[in-house]
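Let's take a walk through a protein model together. Have the structure open and follow along as we go.

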Amino acid sequence: MTSPLYTASVPVLLQMLRALSDVLKKAEEHAAQKNIDPNALLQARLFPDMFPLLRQVQIAADFSKGITSRLAGAEVPSWPDTETSFADLQALIAKALAHVESFQPEQFDASESREIVLRPGTPKEKKLGASAYLLHYGLPQFFFHVTTAYAILRHNGVEIGKRDYMGAY
């Protein structure tokens, strides 16, 4: 039997990362068609105190690799956040997809009993059971950043809708 934590994480992350990639393709096409500097979209924010699109995508990718790595008991890889273009973001999403796809269901078999430690050794250290980590922290964080990326693009006139956000399932 496949671990419920695998089922609740890997397929969901893959679906949403693919959808995010498709939304970014539409944004790049929109910028080209409307003669908009792509950087205007990449640096767009919903509000001045929020991260721009570029950072929203980076954080979504970070959560996808962190969630799968932690639940599988693997080391979370460190990726520099050096992306500056739509092509860079597509490469980042491709790397995140490959990372998430690299995990097999059996790697999650012991995940139910794992304790996930966030920010170890700092005053903000937090310990969570694997289920609580996935359902109450990891996935909500991932969805927040994917949703915010979608909202930034929609707010800036990119013609995307719910089907684009959801992707293929």
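We'll begin with a loop. Asn35 belongs to the loop between α1 and α2 (38-42). Keep in mind that you're looking at a predicted model. Is Asn35 buried or exposed? Its relative accessibility comes to 73%, and that makes Asn35 count as exposed, because the cut-off for exposed is over 50%.

Now check the backbone at that spot. Most residues other than glycine have a negative phi. Asn35 isn't a glycine, and yet its phi is positive, at about 55°. Arg119 is another residue to look up: its phi is positive too, near 50°, and Arg119 isn't a glycine either. You'll find Arg119 in the loop between β1 and β2 (126-129).

Next, let's go looking for rings. How many aromatic pairs does a search of the whole structure find? It turns up 6 aromatic pairs. One of them is made by Tyr6 and Phe108: the ring centres are 5.1 Å apart and the planes meet at 80°, so this pair is edge-to-face. To count as edge-to-face, the planes have to be over 60 degrees apart.

Are its members buried or exposed? Buried means under 20% relative accessible area. Tyr6 counts as buried because its relative accessibility is 14%. Phe103 is buried with a value of 5%, and Phe108 is buried with a value of 0%.

Find Phe51 and look for Arg55: the charged end of Arg55 sits over the ring of Phe51, 5.7 Å from the ring centre.

Now for the empty spaces. Rolling a probe the size of a water molecule over the atoms shows where empty space is left. The most come from α1, which gives 4 residues. By type, the lining has 7 nonpolar residues, no polar ones and 1 charged one.

Let's finish with the largest pocket, which has a volume of about 280 Å³. It's lined by 14 residues, and the closest to its centre are Asp62, Phe63, Arg70, Val76 and Tyr137. The elements giving two or more residues to this lining are α3 (53-72) and α5. Which element gives the largest share? That's α3, with 7 residues. Sorted by type, the pocket lining divides into 8 nonpolar, 2 polar and 4 charged residues.

Definitions and conventions: Residues numbered from 1 in each chain as written. Predicted model: local features only at pLDDT ≥ 70, side-chain atom pairs only at ≥ 80, totals over all residues. Heavy atoms only, no water. Nonpolar A, V, L, I, M, F, W, Y, C, P; charged D, E, K, R; others polar. Phe/Tyr/Trp six-rings, centres within 6.5 Å; stacked < 30°, edge-to-face > 60°. Buried < 20%, exposed > 50% of the residue type's maximum accessible area, 1.4 Å probe, protein only. Lys NZ or Arg CZ within 6 Å of the ring centre and 35° of its normal. 1 Å grid on protein atoms, 1.4 Å probe; cavity = no way out; pocket = protein on both sides within 12 Å on 5 of 7 lines; lining within 4 Å. Points joined across faces, edges and corners; volume = space filled by probe spheres on them.
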